[in-house]
Amino acid sequence: MSDGPEPIDWQGKALDCGQCQFKARGEAGKCGLGWACADERYSKRVERFLLLNPDLADQCLTHPNFEVRALAARRATVFRLPPLLDDPDPEVRAIAIMRLPAVQARRRLKDPDRGVRTAVAYRLEPSDQHLLFEDPDPFVRVVAARRAEPGMLPVLSGDADAEVRKVVARRVPLAWLEALATDADPLVRRTVAERLPLSRLALMVSDEDMRVRHVVAERAKDDLLLRLMGDPEPLIAETARKRLIELEAAHVDG
């Protein structure tokens, strides 16, 4: 049975099952040309080979084709994976990081590849995420901010990337939240408005961005609502009016 492209090896050369180190598996029906093969260029056939022969994954960790090493790393014995942290291919290194104990991830904190450092962020314990707070890539810092202990996040309040600061605004302890109320990015300020205690919402009632003021109108009480009913944006004024009616009705019912 054959599917996909013409069977050739990872260097584009013809395959010879008779010379293969795993030819005994072919005789046992566990691999075959154009179907399942460790030396194939077509990764689906390599994946099928390892699915049928999971006990050979350890042997495939040193294969010259990085795709074979990457697929083998997903099934190999964990104790065989530490050398792959220094593999020349970033995908292989990332897979090794995700499978090895978290302490091993520290070895690749300064990896030149963004994807590997992202894997490190996903693998490190929340208490160790601060080790990536100065990573040069904003996405790595975003992942670290999402996974870090909330008490660590004030350090990132001044991060250069708005996405990082947005995560901080969602997760930082309330005692530190007001520091972001004047953030340059309106979406960060909107996140702040969604979390601020009602007693502190007055800080944001005059925000220049209507999205921020709209959140205030949805959450505010009494005096702030009266102010927002005069907002130049009709949507905000109407939201404030409806909110005030709802609060008054709830008070009467109560």
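Author: Phe49 has a relative accessibility of 1% and therefore counts as buried (under 20% relative accessible area; over 50% is exposed and the range between partly exposed, with a 1.4 Å probe and protein chains only). The model is predicted: local features need pLDDT of at least 70 and side-chain atom pairs pLDDT 80 or more, while totals for chains, interfaces and linings use all residues. Residues are numbered from 1 along each chain as its sequence is written, and side-chain values use heavy atoms, without hydrogens and water.

Phe49 has an aromatic partner. A search of the whole structure returns 1 aromatic pair (ring centres within 6.5 Å, with the six-membered ring used for Trp; planes under 30 degrees apart are stacked, over 60 edge-to-face, the rest tilted). Its members are Phe22 and Phe49, whose ring centres are 5.4 Å apart and whose planes meet at 35°, so the pair is tilted. Phe22 belongs to the segment before helix H1 (23–27) and Phe49 to helix H2, so the pair ties together parts 27 residues apart in sequence. Phe22, too, counts as buried, because its relative accessibility is 6%.

Helix H2 (43–52) also takes part in the packing of helix H3: the buried residues of H3 pack against H2 and against helix H4 (90–99). Helix H3 (residues 66–73) is largely enclosed by the rest of the structure, because 6 of its 8 residues are buried. These are Val68, Arg69, Ala70, Leu71, Ala72 and Ala73.

Residues making the contact include Ala162, Val168 and Ala169 of H8 and Leu187, Val188 and Val192 of H9 (heavy atoms within 4.5 Å).

Ala217 lies in helix H10 (residues 210–219). With a relative accessible area of 0%, Ala217 is buried. Apart from neighbours within four places in sequence, Ala217 is in contact with Leu225, Leu228, Ile236, Thr239, Ala240 and Arg243. Between the C-alpha atoms of Ala217 and Glu27 there are 73 Å, and the two residues are 190 residues apart along the chain.

Note on methods
Helices (H or I, at least four residues) and strands (E, at least two) are DSSP runs, numbered from the N terminus.
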